[in-house]
Amino acid sequence: MQQPHRRRDRLTQRTEERTTMTAAWRQLPVLILLILAPCRTVSSKSVDPTTQPLVSIASQPTDTRSVVLQESVDQTTQTLVSIAPQPTDTRSFVLKGDTTFKNVELLNPVNLSLECVWTGSQNKQPSITGYWRKDGAEVQDSRVTVNLKEQQYNLTKVFSIASEENLGNYTCVFGNEFEMYFILGAPQMGEIRDKPIVSYVGDIVVLICKMDEKKPKPNTWTWYKFNGTDREEISAATDPHRYLTINDGWKTKLKVKNVSEADSGLYHCGAVYNISTSMTHVELKVITIMEPLKPFISILIEVIILVAAILIYERSRSKKKEAEANGPNAEPKNAQPQTEDNGGEKSSSVRQRKA
Amino acid sequence: MPPAAATNLGYKPPDGGWGWAVVFAAFISIGFSYAFPKSLTIYFKEIQEYFSVSYSEIAWVSSVMLASMYAGGPVSSMLVNRYGSRPVVMVGGLMVCTGMVLASFGTTIIHLYLCVGVIGGFGLAFNLQPALTIIGTYFQVKRPLANGLAMTGSPVVLSTLAPLNQFLFDSFGWRGSFLVLGSIVLNCCVAGALMRPVNKKAQSQPDNESPMSRGKASVEAASEDFSSPSANPLAEDIKNKSKCQSFVSRYIDLSLFTHRGFLIYLVGNVVMFFGFFAPIVFLAPYAKHQGTDEYSAALLLSIFALVDMFIRPVTGFIGNSKWIRPRIQYFFSFAVSYNGVCHLLCPLASGYGGLVVYAVFFGLAFGMLCALLFEVLMDLVGAHRFSSAVGLVTIIECGPVLLGPPISGALVDTFGDYKYMYYACGVFMLGPGIFLFIMHYYNYKKLDEEHRQRVTVEMRTSEEAVEFKMNPNEKTDNETQGETF
């Protein structure tokens, strides 16, 4: 039986939301995947006789549903966005060729069929043992014998991703020779500022977390501050005088009023999706006005010293000149023709500067 | 009858000695004036979040600062004419420092507009004009070189301030950074202290005596005496005019508007400035639009700044050579046209390599233009009227400088493509370039004519002058007569 190949029609389409003065963004390629019914029912028909029947759920006829699949530019991350999420839907992801890992970002609970395709090493055994590992621990009942077919080894398993604990690193292992892995998780935030945000005692500070707008919009945002190992949620409800959260789709802002030095530390923001919350952190550092005042005063002193030195030097030189001038005759007159080579300097009369 | 002195400065500029210290001081002042507003943009993102305003509102801070800097030109010129360069620069440095320190404690965006924008901008204006003026008083023969060296301050200070500002921001946030920047800007006062007024000796020849007071270390306003068309500056003449007119003309020389060379320069520059800054502003976004990543796009700007930095003193040196100096106006027109050609050819650049080539050529063109920008004005109006001239020029240029980038941005937005903006900028520069070529050809011819006339007149009158030896006027191709029209 043949492994059907899925064809993907790639259409590029992007709605322009931002019109900035300085950047007319080129149309970024976005993949809209329309998986039609025949393709999807494949997973129930494609059971290879040499592999264990894995699919227990997809025997039901599944109807046509549109699925939007976005792929990152380097093709290592795919985000699955179902329009009508149903736990009985099964999606399929394939790793083959050069890519040895794939980030799969999920929003909702879903069944995933993960497939690894390996072309084998130099001496291709007719059959090889393959198994799956989740986060380092072997998945139960996942050991199967994989047969070499058309110069390829195929290892497929369907996993039910129902909640956060089902997310993680799923590695398919071919014998002891080769591994590929899928990282399943909620959409991750990039653009993490590694330097702390600096603010001053008594001042207001705004901490921002941003999710890439190409990725799906979070349902909501939450903010936490860690006290040791405890997670303490911050919201306008807990302390309305000090904290104000503004959630705006892909961006969230935490406004902290009247900061003090105790407020320094890591603030964790979480983008909440159906499946899980993806977290990142921002560091806040609170200092007093004394900190910048030190370089300010030191540079001020340096400037004053330099200015005083220059003026004093000039004063002393002019006094010396005066002393000289009062001695010999003042302003001896010399008539000299002034001719210059470059540019033909023009002068009509004689000048003499006191040296 | 006084001789038709080309500069009629009344003294021989030292062309060296302390002049080089003054060039260094001007380097710092000019550098801060041009680089400071540009370098503040690093803080805008955080300030925007802090005050919860839109990007365009925060960008206004830069615009207000630039506008104040250009609008403060005439005020600055008047003060320089009255008090000399040194006090004005020191006051300017203090003003910017005060503005930044006040801004660091600001609580609304309006505070920033006022403190950074208005006070800071005026302070920078008080730095720019005097720095340019004092070069003219210290240098005559080597003036293009001195100007080129002083104008190098702009890219050098910008390259220094950019990473420094980033470091300050990471260490202190925006408030602390403004505070420390206030103290850094105070170094302009040091530059001001270096700007010792040039030493002018009292003249032995009576008719060359100008009513300027001759102190050992004081410079009086020169333009009030030289504003009259004839080469006979008498303060009494001015007093005889109407009071209002004399008050104004004592401080700023409005008769420049009848000066042919000045008008040519003004018209050419006003049109040129529409396309002056926009290509730099849009270089990085254009590169990103072509598909390069952010880091490479920023590298383009660094290449541009590096080339700019090195070409300015070289241009000054070339402009000083004996072949170019007499016809330096043509050199300037060439620089302007070259800029225009560069922009027109830019859309042909394909890929990152093409953009690098464009950045290099643009850096060359821009550096040449900037190095000569004020030198040719000095060449046209003479050093003694330069202070008023530059004040008038900057306030009139205020409009195109502020309108240029938004118009270009509108072009980019309407057409969705950068090439039309580059075509427009190219035209805005090529047109004035050609205009300047033609007008200066005509101007040089007229000047030679007038010079020949004056020589014959003076030959006749010199027979009457017996107390002093006077050399026949040599052919002055390099200096336009300050009093001709």
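This is a predicted model: local features need pLDDT of at least 70, side-chain atom pairs count only at pLDDT 80 or more; totals for chains, interfaces and linings use all residues.
User: Why is B:Gln129 called buried?

Analyst: Buried means under 20% relative accessible area. B:Gln129 has a relative accessibility of 1%, and therefore counts as buried.

User: Where is B:Gln129 found, and which residues does B:Gln129 touch?

Analyst: B:Gln129 is found in helix H6 of chain B, which covers residues 109-138. Leaving aside residues up to four places away in sequence, B:Gln129 touches B:Gly72, B:Gly73, B:Ser76, B:Ser77, B:Val390, B:Gly391 and B:Thr394. A contact here requires heavy atoms within 4.5 Å.

User: Why is B:Ile395 called partly exposed?

Analyst: The term partly exposed applies between the limits of 20% for buried and 50% for exposed. B:Ile395 has a relative accessibility of 37%, so B:Ile395 counts as partly exposed. This residue is found in helix H19 (residues 383-415) of chain B.

User: What makes B:Ile395 part of a nonpolar patch on the surface?

Analyst: A patch residue must have over 30% relative accessible area and no salt bridge, and nonpolar side chains are joined within 5 Å. The 37% of B:Ile395 is over that limit, so the requirement on area is met. B:Ile395 forms the patch with B:Leu254, B:Phe257, B:Leu263 and B:Ile396, and together they have about 370 Å² of accessible area.

User: How many of the residues of chain B count as buried, and how many helices and strands are there?

Analyst: Of its 485 residues, 62% count as buried. Chain B has 20 helices and 0 strands.

How values were computed
Residues are numbered from 1 along each chain as its sequence is written. Chains are lettered from A and ligands numbered from 1 in the order in which they are written. Side-chain values use heavy atoms; hydrogens and water are left out. Patches are made of residues with over 30% relative accessible area and no salt bridge: like charges are joined within 9 Å, nonpolar side chains (Val, Leu, Ile, Met, Phe, Trp, Tyr) within 5 Å. Accessible areas come from the Shrake-Rupley method with a 1.4 Å probe; for residues, only the protein chains shown count as cover. A salt bridge is a side-chain nitrogen of Lys or Arg within 4 Å of a carboxyl oxygen of Asp or Glu. Helices (H or I, at least four residues) and strands (E, at least two) are DSSP runs, numbered from the N terminus. Buried means under 20% relative accessible area, exposed over 50%, partly exposed in between (1.4 Å probe, protein chains only).
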